[in-house]
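Subject: Structure for your review

Dear colleague,

Please find the structure below, followed by a summary of what was found in it.

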Amino acid sequence: MQEIVGWLFDGWKAEFPLAIVEGFAGVGKTTSVRNYFKAWSGPKVLVTLVEGALYEEFLLSVVSEIEMAGIKDVGDSGDWEHDIVRAVQDEGLLLVLDNFETQLDADGIVLSVDLRRLLAKLASVHSGRVCIVSSRSPSPDEWTERSQYRTMGQLGSEQGVHILRTMLEERQKLDDFDEALLVDVSVWLGNNPRAMRAFVACLIGQPLEEMIERDRESWELRHTPRSAQLTARLERDFWHQSLGRLDPESVTLAENLSVFRRPFRIEAIRAAGATIHNWENARNRLALSFILDRSNAWYELNPVVRQLTSGRLVQLERRHVTAHARAADFFAKRIDASAYRDANTAGGYFVEARHHYREAGRDDMVDAIAGKYRGLLLRAYRGSQIDLTDAAVARERIPILLAALDHDDEGFEPLRAALTQLLEARGAEGDDYTALRHARLASQAKTPLAFWMAYTRIAVRVETDAFLISLAKRAIDRCAREPERVVVAISEQLFLRGQAQMALRLIDEASASISRPADVYLIRLKSFILDRTGNFAGAFEVMLARHREGGPGKLIDRLLEEATFLAFQHEAIDRLMEVASYAASVQDSLTKQSAALAFTLTAMLRGDYREALRAAEGGRRDGAVAAQAIFCHLALGQFTQAAEAMTQLGGVRNAASRWLSAVVALCNGDADTYIDSISNATDQITTDMTMNDEKLWMHVWDDVPARMAPFPSYYFPRLPPRLTGLNRDVVRTHHGGSQVDLIRQSLPLQGSHATESPAVPSAPVIATSNSGAPIIYVQEGTFDLGKQEYVNNGQVGSMGHKAKVDGDITQNQIVLPSVPEALRELADFARASDQEAVAKTLDEVNALESASDRATATERFREVRAWVVDKVADGAVAIAAGLTLAAFGG
């Protein structure tokens with residue numbers, strides 16, 4: 001065993017923060033690791049894993065143990081996994097997980113996916129230590145690959161005899177044994193320390209000869225190889241005999257302690273022996289018999305004795321109930337709001353108390369301790385910074401909250417509101433219905449907006465239209481702030497369900513109760529629904545009428561802006577002029593900006609983009625007007641001016657403005673900005689495949705969402721010929737179909753009525769830089785612009801470990817130091833592609849070229865010319881291929 005302790009100190013490598021100590025039961029794994037644990041100078045926690053316990057209970061027990069070890073603020077983030085990893089990483093914590101075999105299935109796979117995830121994180125920390133003790137080896141997994149194993153095999157005869165001698169000497173039984181007999185007994189017991197403890201305990205009250213006679217066959221075969229199963233059977237038999245000889249008080253104490261699922265302190269023994277005349281004597285007798293083990297301040301029953309005793313208790317119902325009731329009372333007394341810093345520390349006690357009360361059939365006490373624990377939870381969640389939308393937090397907190405709120409049908413609204421949000425974040429099967437039960441109770445009091453939005457999303461998934469309407473009305477009275485957001489969300493969902501009239505009635509009813517100017521959000525949605533159901537006039541009028549009623553701030557002016565864009569969508573110049581006339585008559589600078597917007601949009605509808613730019617001058621400070629001016633620059637082919645104006649555009653960055661930024665970047669060859677902007681302009685996940693779609697900017701423009709949200713073609717419904725290459729505008733509205741298929745070209749072009757000719761890759765053009773280095777130009781295609789041909793050159797860079805861009809050259813130039821460098825690049829590429837013959841030929845060509853034998857080099861090059869020609873289209877070596885072809889006669 002000292003060998004394992006020495007290995008833990010000296011052989012456990014720093015690059016493996018997680019160690020697995022494995023071996024047969026009883027060989028001394030736990031003892032060895034606990035000796036290492038005692039000697040650890042930093043913070044340390046030892047957790048005995050329990051079979052069948054919930055993962056969340058395991059996390060809670062670890063968090064509470066870490067707090068009791070002196071590391072504060074653990075668990076405050078709500079993500080217990082993160083906090084445990086942080087404690088190991090940042091605090092240098094030693095975390096020992098004993099009885100790990102209880103977490104493995106028959107194939108050695110960790111049963112809990114969540115536990116596997118945590119172990120993978122712990123196996124990646126850079127400081128601190130995690131030691132797993134298991135009688136079975138875990139199957140290979142991501143976390144085991146980053147772990148260091150140490151197998152503790154059967155002890156040798158010499159070690160076994162030494163341990164047996166020490167045990168007998170401690171119990172004053174050594175005089176009955178000579179050296180030969182010590183060896184025989186040690187071998188008989190498989191040199192297993194735990195079996196030896198059982199043997200010595202049994203020997204205290206029974207002669208050796210009788211013990212041997214009970215299993216004479218195995219004694220006679222003691223020098224044959226021992227199986228772990230035979231040793232375990234002997235151990236169990238010895239413990240069974242020892243228990244049968246215990247006095248009643250010691251048996252009672254052992255029974256009461258056997259129901260504890262984890263190691264316990266002296267206070268637990270005192271509570272378990274409360275009715276015993278002298279519980280301390282009973283404890284000492286159990287310790288003398290090796291039945292009760294101690295490590296520092298912690299005690300636990302021998303695992304085999306615990307199995308035997310708890311198994312007997314199950315058959316004695318009365319004593320079974322009494323033992324669990326005592327354990328439950330012990331833990332329940334520790335759930336005290338004044339005694340602990342927060343709910344995390346007391347949570348472990350609550351979990352254990354609940355378990356024991358349920359085993360005792362005391363559901364009334366389960367309710368009582370749940371009420372006590374709820375008091376702690378209310379304090380913990382009041383003003384808490386815990387992220388209730390985090391799925392990791394949800395996995396860990398939900399079981400505790402469910403347990404605390406179990407069997408209660410009223411009250412504790414803040415806890416129920418938090419539970420509702422956590423259940424939605426977790427999203428497991430059945431969570432929606434559990435959440436609805438608690439949400440109904442939580443909604444009886446004033447509760448936060450975040451809860452109401454979660455409640456709404458859940459109800460949308462599982463409830464009827466009538467329920468949604470009643471929920472919206474309840475939110476108006478009981479949502480702590482911004483109830484209009486709940487009404488908007490529900491009204492929009494009714495519309496998406498095909499219940500437009502129902503949604504409009506709800507909006508009208510709610511508008512009378514919602515304070516102003518917050519009702520503007522409802523008016524905007526009402527206008528949207530009216531327009532989508534074919535009532536443009538009503539949609540326009542409802543926004544203009546609400547603006548006429550007035551109100552403070554930009555929120556009201558946003559209505560006029562949206563009315564203006566609505567008229568633009570429908571090409572209603574008369575309505576645009578109505579806005580311009582009304583806006584000009586109002587003595588308000590913000591409102592007057594809408595007049596400039598109306599005049600700008602009117603000119604754009606007439607196709608006069610220069611006039612639109614002049615009209616926009618009157619409203620440049622307004623973001624909507626400035627964005628339209630940028631689009632006018634694009635329509636006129638003024639790409640540089642558009643880019644300059646884009647850098648000055650402030651205001652809200654929505655899908656439309658991001659799309660505009662992407663198109664401006666595309667027109668100016670700014671690939672990085674294009675990728676960033678177009679990715680943020682769409683709700684869809686962009687992949688390499690979608691980013692390689694040259695029409696992506698068109699598809700984003702062409703997409704019209706079913707719900708109310710900003711989208712590019714709402715603000716920019718017309719793509720002019722200079723962007724499409726067609727001889728007319730391409731128009732996209734929500735009531736029209738897709739337009740992308742009408743557009744043949746992929747990229748915006750300069751010039752009048754530009755048409756794209758097919759890209760024709762040409763041979764590379766070789767020139768010489770000012771310093772004499774070769775320069776290569778690659779022409780990818782041309783565009784026919786009438787009298788002028790525009791050359792589209794390929795992307796450039798430098799090649800080789802010494803290559804660099806040389807001098808003042810344009811971006812379509814590539815500088816190579818020499819032809820031999822290009823040949824080396826091609827040879828390396830060939831080898832990486834398993835083309836060794838090609839690589840050797842290229843090496844020979846390179847050697848001839850370096851020897852100034854160009855003629856022979858050209859001859860040898862012809863053998864691989866076809867391979868090199870094929871690589872002209874490969875971006876990895878295209879330039880090297882083009883250069884060598886030019887040098888040796890492409």
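Glu-209 is found in helix α9 (residues 208-213); helices here are DSSP runs of H or I with at least four residues, strands are runs of E with at least two, and both are numbered from the N terminus. The model is a predicted one, in which local features need pLDDT of at least 70 and side-chain atom pairs count only at pLDDT 80 or more, while totals for chains, interfaces and linings use all residues. Residues are numbered from 1 along each chain as its sequence is written, and side-chain values use heavy atoms, with hydrogens and water left out.

Glu-209 has a relative accessible area of 56% and is therefore exposed (buried means under 20%, exposed over 50%, and partly exposed in between, with a 1.4 Å probe and protein chains only). Together with Asp-175, Asp-176 and Glu-210, Glu-209 forms a negative surface patch. Such a patch joins like charges within 9 Å, from residues with over 30% relative accessible area and no salt bridge; Asp and Glu count as negative, and the charge is placed at CG of Asp or CD of Glu.

As for the whole, the protein chain has 44 helices and 15 strands. Of its 890 residues, 52% are buried.

A search of the whole structure finds 46 salt bridges, each being a side-chain nitrogen of Lys or Arg within 4 Å of a carboxyl oxygen of Asp or Glu. Glu-352 and Arg-262 form one of them, with the closest N and O atoms 2.6 Å apart. This pair links distant parts of the chain, 90 residues apart: Glu-352 is in helix α17 (residues 343-359), and Arg-262 is in the loop between α12 (248-258) and α13 (266-272). Glu-352 counts as buried at 6% relative accessibility, and Arg-262 counts as buried at 18%.

Asp-843 and Arg-831 also meet in a salt bridge, at 2.4 Å from N to O. Because Asp-843 lies in helix α41 (residues 836-850) and Arg-831 in helix α40 (residues 819-832), the pair ties together parts that are twelve residues apart in sequence. Asp-843 is partly exposed, with a relative accessible area of 32%.

Finally, Ala-500 is found in helix α25 (residues 500-511) and counts as buried at 13% relative accessibility. Beyond its neighbours within four places in sequence, Ala-500 is in contact (heavy atoms within 4.5 Å) with Leu-494, Phe-495, Ile-529 and Thr-533.

Yours sincerely

Key: Patch = residues over 30% accessible without salt bridge, like charges linked within 9 Å, V, L, I, M, F, W, Y side chains within 5 Å. Areas by Shrake-Rupley, 256 points an atom, 1.4 Å probe, with all protein chains shown as cover.
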